[in-house]
Number of protein chains: 2
Amino acid sequence: MNFREKRPRVVILGAGFGGLSAATRLGRADVDVTLIDRQNYHVFQPLLYQVATATLSPADIAVPIRSTFRDQKNTNVLLGNVAGIDRARREVTLDDDRRFPYDYLIVATGARHAYFGRDDWEPAAPGLKRIEDATEIRRRILLAFEKAETEDDDERRRELLNFVIVGGGPTGVEMAGAIIELARTALVRDFRHIDPSSARVLLVEAGPRLLPTFPEDLSAFARTTLLRMGVEVRLDCRVTHCAPGGVEIGEERIGARTIIWAAGVEASPAARWLGVTGDRAGRVAVDENLRLIDDARIFVVGDTAAAPWTKGRLVPGIAPAAKQMGDHAARAVLADIAGRAPAPFSYRHRGNLATIGRKSAVVDFGPVRLKGLLAWLIWGAAHIYFLIGFRNRIIVMMQWMWAYVTLRGGVRLITGSTKLP
Amino acid sequence: MNFREKRPRVVILGAGFGGLSAATRLGRADVDVTLIDRQNYHVFQPLLYQVATATLSPADIAVPIRSTFRDQKNTNVLLGNVAGIDRARREVTLDDDRRFPYDYLIVATGARHAYFGRDDWEPAAPGLKRIEDATEIRRRILLAFEKAETEDDDERRRELLNFVIVGGGPTGVEMAGAIIELARTALVRDFRHIDPSSARVLLVEAGPRLLPTFPEDLSAFARTTLLRMGVEVRLDCRVTHCAPGGVEIGEERIGARTIIWAAGVEASPAARWLGVTGDRAGRVAVDENLRLIDDARIFVVGDTAAAPWTKGRLVPGIAPAAKQMGDHAARAVLADIAGRAPAPFSYRHRGNLATIGRKSAVVDFGPVRLKGLLAWLIWGAAHIYFLIGFRNRIIVMMQWMWAYVTLRGGVRLITGSTKLP
């Protein structure tokens with residue numbers, strides 16, 4: 001195509017890790033970039049569980065997108081919700097009917113938690129993908145202890161102090177560890193009528209082991225560490241029903257006022273917008289350049305993409321992968337404009353990290369596997385390093401040091417309603 | 001009365017400055033203290049406007065009450081909403097029907113913003129008393145700039161960039177200064193289609209001067225400082241109507257999507273609970289010991305009390321006054337238990353402080369009056385000093401230094417809905 005008359009317009013949907021890295025790569029190019037997100041901030045999702053468990057504040061892990069791109073003059077940042085993509089006219093439509101024509105489109109709208117057809121479970125068992133999810137879960141956890149403190153009925157008090165986490169992936173493991181630590185350290189001396197350390201934290205996983213994407217020895221280590229911390233781990237257990245007040249695992253009913261859903265994610269509705277059929281998790285198939293199979297103007301990156309990797313596996317849904325994909329899509333756009341064929345995307349897997357609790361984590365660098373304190377230090381350093389924004393790094397480091405030294409949670413505010421669902 | 005058989009029960013309603021200081025004073029006494037608040041945290045209200053204007057996070061100015069009293073073993077902290085006070089049975093009733101008998105009751109439930117019979121204005125013009133108010137106002141301010149960025153209609157864009165603050169007391173002055181600074185520093189380089197510094201900030205005061213409780217020269221200084229910063233100050237102007245989209249001042253209509261109410265407060269419904277008649281602002285008359293005139297078991301302190309001071313004036317509704325009253329009520333309770341007559345309450349007025357903007361404030365210490373930079377440094381030091389919790393002090397200082405050095409606001413998150421009312 002001939003771009004001599006006007007600058008090519010690149011529209012990026014979503015300012016997660018993928019969208020942000022694409023926009024950054026296009027910063028100095030001779031293109032017009034429009035970056036659209038439904039929020040005005042980028043969230044550092046790997047630390048969202050620390051907002052949900054009252055260690056960090058929302059602002060500690062979020063930065064205004066606009067502010068990030070203030071000096072990148074070719075980039076327009078917009079707040080908006082995508083309603084559809086008109087591929088024939090090459091336009092993105094927002095839900096307020098604004099339309100944005102594109103020459104290239106990068107779809108990076110991420111994933112959300114999935115209930116596998118049981119969306120009616122969501123009110124009872126919220127998932128953890130957005131800042132609002134995190135403050136809602138924080139509200140429920142803290143409120144459960146508050147209500148337990150004044151509950152006279154033994155049974156009801158027990159249900160208030162039962163916390164069920166559905167799903168044994170990294171989020172489930174992190175939440176289980178953080179809740180038991182909250183109960184046994186920060187809260188333990190604050191109550192008069194209950195013993196917060198008697199709280200029961202149940203981690204329920206449908207598969208045979210925790211952290212299924214990690215090597216088996218690290219899965220086993222995560223399990224024994226959680227058991228030692230006091231978490232009950234149930235493997236090969238499928239939750240068959242969730243309702244306010246408890247879960248069912250086959251015949252067994254477990255009364256619990258706080259249920260957290262960490263059992264699965266599905267891609268954003270990008271497949272629907274694009275008029276293609278997604279895979280089982282809603283992801284959109286892309287070619288070796290992360291383009292739609294039949295539309296070279298459209299790239300799909302991050303958790304929304306089903307991008308081939310190695311041995312028939314897909315590129316995993318983790319932050320570094322999304323970053324690499326966003327960066328690649330931007331490079332491919334620039335190559336196409338310049339009339340060059342882009343080199344195919346090649347994912348460099350740097351490893352998997354998951355924290356289990358204070359002073360323990362697992363790190364899988366392929367040949368090198370670490371667990372325990374050293375892994376935890378690497379986990380902490382990596383997260384501080386990748387946190388966007390100098391201010392956030394300093395503040396998060398200080399909050400962690402404070403929490404570590406004093407064993408007090410940092411941010412134990414119940415905002416919003418003080419009624420439990 | 002004879003307390004030899006059982007420990008006297010002191011119930012404190014409200015964990016603001018008054019309630020907190022009463023509870024602290026009773027900490028080592030041989031009494032049972034029950035401290036009830038509708039939130040699980042104490043808010044440092046003097047800095048609430050900085051949450052509303054995106055400099056600080058909610059957690060920076062709030063501390064969990066329970067955590068504050070964790071080592072004070074005679075004190076029970078409870079989350080609950082007061083429904084009524086049964087003076088005959090000496091019981092406080094909560095809205096979930098829990099009942100708390102008292103031997104002494106200290107009512108410290110503060111004040112809320114008042115619309116002088118026009119409560120229907122509240123959705124259009126929220127006030128600033130609670131954390132939720134602050135995040136709602138922050139949401140509206142930031143969203144107004146976002147919506148303006150994509151608004152094509154000149155008139156509607158202008159209304160999005162108009163900010164009207166009703167009321168020229170300390171809160172109004174602080175909000176006006178902080179909003180114009182947000183527009184002219186932190187936001188100024190972030191937008192492509194609008195010039196945030198063209199935002200119009202209007203401060204409307206019904207009386208003849210700003211900061212009516214300060215000496216006239218400081219009021220005049222506040223006005224000229226705000227004018228120099230770009231705020232439009234309207235004195236002797238009464239807002240006759242508020243609605244989503246604008247205010248009316250007599251015949252004049254000013255279109256504005258963001259209206260903030262700082263025009264007045266009224267006491268909490270304590271008068272109703274107690275079955276007495278409050279004054280015009282709903283405050284409860286108390287004797288020289290801050291007791292109800294006809295009930296020596298009940299103390300009323302802080303913004304809820306109409307406590308006589310000097311020259312026919314009442315003790316002012318400021319944090320240090322509430323603290324002193326709470327402390328006095330606790331001492332009077334202990335004196336009564338010991339069979340002593342308490343010394344009457346004598347308010348020590350240490351001064352008035354109000355900040356106008358970055359690097360400017362006014363301080364009225366009576367004989368000594370300061371304005372400008374020195375006053376601002378004193379204001380900052382005083383607020384850091386009185387912030388509860390070592391962690392909060394450090395974090396707030398860091399946030400301020402960051403904002404000061406970089407001219408970027410710290411916490412520009414739009415949480416909740418991204419629709420304007």
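At what angle do helix α6 and helix α7 of chain B pack, and how far apart are their axes? Hold that for a moment while I set the ground rules.

This is a predicted model: local features need pLDDT of at least 70, side-chain atom pairs count only at pLDDT 80 or more, and totals for chains, interfaces and linings use all residues. Residues are numbered from 1 along each chain as its sequence is written, while chains are lettered from A and ligands numbered from 1 in the order in which they are written.

Back to the helices. Helix α6 of chain B, residues 170–186, packs with helix α7 of chain B, residues 216–229, at about 20 degrees. Their axes are 10 Å apart. Helices here are DSSP runs of H or I, at least four residues, and strands are runs of E, at least two, numbered from the N terminus. Axes are lines fitted to C-alpha atoms, for helices over the stretch in contact, with angles running from 0 to 180 degrees between N-to-C directions. So α6(B) is roughly parallel to α7(B). The cut-offs: under 35 degrees is roughly parallel, over 145 roughly antiparallel, 65 to 115 roughly perpendicular, and the rest oblique.

The crossing of α6(B) and α7(B) is left-handed. That term applies if the near helix is turned anticlockwise from the far one by less than a right angle; clockwise makes it right-handed.

Who makes the contact? From α6(B), B:Val173, B:Ala176, B:Gly177 and B:Ile180; from α7(B), B:Ala222, B:Leu226 and B:Met229. Contact means that the C-beta atoms, placed from the backbone, lie within 7 Å. By class, the contact of α6(B) with α7(B) has 6 nonpolar, 1 polar and no charged residues. Nonpolar covers Ala, Val, Leu, Ile, Met, Phe, Trp, Tyr, Cys and Pro; charged covers Asp, Glu, Lys and Arg; the others, Gly among them, are polar.

Now chain A. The axes of α6(A) and α7(A) come within 10 Å and cross at roughly 20 degrees. That crossing is left-handed too. A:Val173, A:Ala176, A:Gly177 and A:Ile180 meet A:Ala222, A:Leu226 and A:Met229.

Next, another helix pair in chain A. Helix α1, residues 17–25, packs on helix α9, residues 319–337, at about 35 degrees, with the axes 7 Å apart. Here the crossing is right-handed. Among the residues that meet are A:Phe17, A:Leu20 and A:Arg25 of α1(A), and A:Met325, A:Asp327 and A:Arg331 of α9(A). By class, the contact of α1(A) with α9(A) has 8 nonpolar, 4 polar and 4 charged residues.

On to the strands. In chain A, 3 strands form an open sheet in the order β14-β15-β16, with antiparallel pairing. Two strands pair if DSSP finds at least two bridges between them. β14(A), 241–243, and β16(A), 252–256, stand at the edges with a single partner strand each, so one side of each has no neighbour in the sheet. The twist averages 15 degrees from one strand to the next. β15(A), residues 245–249, pairs with β16(A) over 5 bridges. A:Gly245 stands opposite A:Ala256.

Chain B has an open sheet of 3 strands in the order β14-β15-β16, again antiparallel. There, β15(B) and β16(B) pair over 5 bridges, and B:Gly246 stands opposite B:Gly255.

One hairpin in chain A deserves a look. Strands β24, residues 360–365, and β25, residues 368–372, run antiparallel and are joined by 5 bridges. A:Phe365 stands opposite A:Val368. The hairpin has 2 residues between the strands, and A:Gly366 takes a positive phi near 85 degrees.

Last, the two chains together. How many residues of chain A are in contact with chain B? The count is 37, and they touch 37 residues of chain B. The elements giving two or more residues to the chain A side include β4(A), α4(A) and α11(A). α11(A) gives the most, with 5 residues. By class, that side has 16 nonpolar, 9 polar and 12 charged residues.

How do the copies relate? Chain A can be laid on chain B with an RMSD of 0.0 Å, by a turn of 180 degrees and a shift of 0.0 Å along the axis. The same surface serves both copies: 100% of the contact residues of chain A recur in chain B.

Note on methods. Contact = placed C-beta atoms within 7 Å. Least-squares fit on C-alpha atoms with pLDDT ≥ 70 in both.
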